Amino acid sequence: MAKDTYLKFIVQSTYNKQAGLYRKYSELQKVNLQNLISHAEKWNTKVIPGLLLDAGCGIPDKSFLKRKIFSNLISGYVGIDLSFNMLSASVSNEPGTRVNADLEAIPFKPESFSVVISNSVLHWLNFPEQNLNPLTGCKEIFNVLKQNGAFILSVSGIGTAQRFQKVFYEVSKTVPDSFFENRSLLRRDPIGSMELHELIKVLKLAGFTISHALMEYEPVFFEKTNDYISHVKAYGEDIYLSAFKKQHRDTVWKMVSEQFEYTVGKHNYEHDQFMIYAVALKT
Ligand SMILES: C[S@@+](CC[C@H](N)C(=O)[O-])C[C@H]1O[C@@H](n2cnc3c(N)ncnc32)[C@H](O)[C@@H]1O
């Protein structure tokens, strides 16, 4: 299987498996989305009339369309996602607004959308150890945007979940060889977080003009460390565990969780989150 197909397969299966859990433990991404729109508003992003594409929409939630930036300007919402289960876990039953598709092969004509939003998605296409990055996805988004359209995005920034990942990597080194299916999938940062300059480079290569971009330190407090672990599980258990054989994954996750709670304590955990927010224009 080609490297990118394999990575995509892992991302797809993790979200298919965890869609139910994601509904319960997606507070982090909801806050990111609100912050993203606040930044776009503060930066006076112009949204031209037409359709909005939500690329990697997850469990679609159109409530953000009520924000001022989108008032009177949007004639419709289309959400695409690689994971069928995420799309079907939506509470909304509105037809025609959800499409099971890969944002690296968007099934719409060029210049179909006035604005594309993508919250907390593109880092899943970033796997520097295997020379994969979100350039193909950004080119697809550029292609389906109208002239003067805006791409409003957030991406996980380098530094995010560093403490959890350090424990994960250290524990992984202690498990027996027989637990491994494919060692090349063991990553120090399975999320694929990006540096701000890396994202800007990719967006520019795709043809965009950067309107604004920044990386923010946004620590998130969890009363119970276990609650934080559930959030990690909801967005990435299989991605973290893809190097291991299926029958050993629960054991490895348990080992990582216990070691993590032992290292940081069972209560009052401050999650180290760095988020990149950007607006890129098709000028
Ligand atoms: C962290 S979730 C974010 C979901 C949503 N944007 C939100 O704010 O809650 C990441 C989503 O990106 C989707 N995704 C990852 N790679 C994708 C791809 N190549 N094409 C489409 N969707 C993708 C996943 O299936 C998942 O639903």
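What we are looking at is a predicted model, in which local features need pLDDT of at least 70 and side-chain atom pairs count only at pLDDT 80 or more, while totals for chains, interfaces and linings use all residues. Residues are numbered from 1 along each chain as its sequence is written, and side-chain values use heavy atoms, with hydrogens and water left out.

To stay with that pocket, α1, α2 (27–42), β2 (74–81) and β4 (113–119) each supply at least two residues of its lining. The search runs on a 1 Å grid over the protein atoms alone: a pocket is an open set of points with protein on both sides within 12 Å along at least five of seven lines, a cavity is a set where a 1.4 Å probe fits but cannot get out, and lining residues have an atom within 4 Å of a point. The largest pocket holds about 850 Å³ of space, where a volume is the space filled by probe spheres set on the points, which are joined across faces, edges and corners. Its lining counts 42 residues, with Y22, G56, C57, G58 and D81 nearest the centre. By class these are 21 nonpolar, 12 polar and 9 charged, taking Ala, Val, Leu, Ile, Met, Phe, Trp, Tyr, Cys and Pro as nonpolar, Asp, Glu, Lys and Arg as charged, and the others, Gly among them, as polar.

Where does the ligand sit? The ligand sits in the largest pocket, in the sense that more than half of its atoms lie within 2 Å of the pocket's grid points. Around the ligand there are 19 residues, the closest being Y22, G56, D81, L103 and N119, and a residue counts as near if one of its heavy atoms lies within 4 Å. Helix α1 (residues 3–24) provides the largest share of this shell, 3 residues, and the shell divides into 11 nonpolar, 6 polar and 2 charged residues.

On polar contacts, meaning pairs of N or O atoms within 3.5 Å, D81 places a polar side-chain atom 2.6 Å from an oxygen atom of the ligand, and an N or O atom in the side chain of N119 is 2.7 Å from a ligand oxygen atom. The ligand taken alone exposes 600 Å², and the protein buries 95% of that, with areas from the Shrake-Rupley method and a 1.4 Å probe.

Turning to the second largest pocket, its volume is about 190 Å³, and the residues lining it include N126, P128, H197 and K201. Helix α6 (residues 196–205) makes the largest contribution to that lining, 5 residues, and the lining divides into 6 nonpolar, 4 polar and 2 charged.

Methods:
Polar contact = N/O pair within 3.5 Å; in protein donor to acceptor, adjacent residues only side chain to side chain. Helix = DSSP H or I, 4+ residues; strand = E, 2+ residues; numbered from the N terminus.
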